[in-house]
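Trainee: Before we go further, could you take me through the reasoning behind some of the labels used for this model?
Mentor: Gladly; let us set each value against its definition as we go.
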Amino acid sequence: MIKVGLIGCGKITEVRHAPEYAENPECKIVAYYNPSREKAEKLAALYGGTVYDSIEELLASDVDAVSVCVPNRFHDSVSVQALNAGKHVLCEKPMAITKEGCEAMLEAQKKSGKILMIGLNQRFAKAHVKGREIFMSGELGNLVAFETHFSHPGPEGWTGKADSWFFEKKTAAFGAMADLGVHKTDLLYFLTGKKIVQTYAVLATTDKKFPDGRPIEVDDNAMAIYVNEDGVIGTMHAGWTNYGQEDNSTKLYCQGGVIRMYDDPEYSLIVEKKDGTIDKYDLDKLTSNKDQTSGGRTATGVIDAFIEAVKSGVQPNASGESAMHAMNVIFANQESADTKMPVAVK
């Protein structure tokens, strides 16, 4: 039985990490830490285990693995601390707020020999897995263009706080681009196996405000034109101002047809072929923020993949090393937005 500790007991832990660990028979939550002890105690009352007064005390216990669910600017320091303590780490996205922070996490993982996984859950969605299989089979020919979207009403709906730390530059560092855009950027790499090599991005704060009326300090919308290593172009939009139905769709335009994922309310995957054939797959429904905050199903596949990796000792899908590409693109997006110029992804 793998013993798990939860570092950070906010909303993402409450509605995803904790219930998904509880649903996995191969592990048990035994430890909690949160700056506000009340939140940790609330989870301990539900799932059992010990609440600790510091991260150091939790890491000194007999936990085997931890989820790092703290605000963005602490991702690298807490993950490195846990890896150095000999614990396996599942860190929420974005991986870190600087390239140096990401690299420090990778170095700590290599030295420790432990698992480092990033919570890029879109890799595990069934329509994405099947869409990747179809694309990689070559039956639709080469990719010629792509588009991907992720937009919803914003983190205040998720956290229940109009002054969420997601809106503060010093704590979050990034806005919608890294909160949502990192998912879709990583997804493009997962689906096609091709890296993004150039981006031209625009980041804007168009609507979100703090309770006192000030605009939030990070972007609430971001749009990027990507060029992949084969010279194929496409778009990525991430937004916190979609006050209608959440959009989590992706399309791959190929020589022989189109692969549509999560853009239809009934079928999670639709393949429209050049010859007029249409294949429809009712595989699953993506778990939205609304689903989870209203008590809907929780399973994303991330926790199961992490626990399996801990058991096997094999780095998982969405390993820290694999996630590094999406982070490099996110950093390039920020540079492009600042300079108002296309930027090569380093």
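Trainee: Where is Ala 127 placed, and why is Ala 127 called buried?
Mentor: In this predicted model, Ala 127 lies in helix α6, which covers residues 126–137. The label buried requires a relative accessible area under 20%, and Ala 127 has 0% relative accessibility, so Ala 127 counts as buried.

Trainee: Which residues does Ala 127 touch, once those up to four places away in sequence are left out?
Mentor: With a cut-off of 4.5 Å between heavy atoms, Ala 127 touches Met 261, Tyr 262, Ser 268, Leu 269, Leu 283 and Asp 284.

Trainee: What makes the pairing of Ser 151 with Asn 242 a polar contact?
Mentor: A polar contact needs a pair of N or O atoms within 3.5 Å, one able to donate a hydrogen and the other to accept it, and the side chains of Ser 151 and Asn 242 are joined by such a contact at 3.0 Å.

Trainee: How far is Thr 159 from Asn 142, and what does Thr 159 touch?
Mentor: Thr 159 belongs to helix α7, residues 155–159, and although Asn 142 is 17 residues away along the chain, the two C-alpha atoms are separated by 41 Å. Leaving out residues up to four places away in sequence, Thr 159 touches Lys 11, Ser 164 and Phe 166.

Trainee: How do you know that the chain as a whole agrees with a compact globule?
Mentor: A compact globule of 346 residues would have a radius of gyration near 20 Å, and the chain has 20 Å, so the value agrees with that expectation. Alongside this, 55% of the residues count as buried, and among contacts between residues at least 6 apart in sequence, 68% join residues at least 24 apart. The chain that gives these values contains 13 helices and 15 strands.

Notes. Residues are numbered from 1 along each chain as its sequence is written. This is a predicted model: local features need pLDDT of at least 70, side-chain atom pairs count only at pLDDT 80 or more; totals for chains, interfaces and linings use all residues. Side-chain values use heavy atoms; hydrogens and water are left out. Helices (H or I, at least four residues) and strands (E, at least two) are DSSP runs, numbered from the N terminus. The radius of gyration is taken over C-alpha atoms; the globule rule is 2.2 Å times the number of residues to the power 0.38. Buried means under 20% relative accessible area, exposed over 50%, partly exposed in between (1.4 Å probe, protein chains only).
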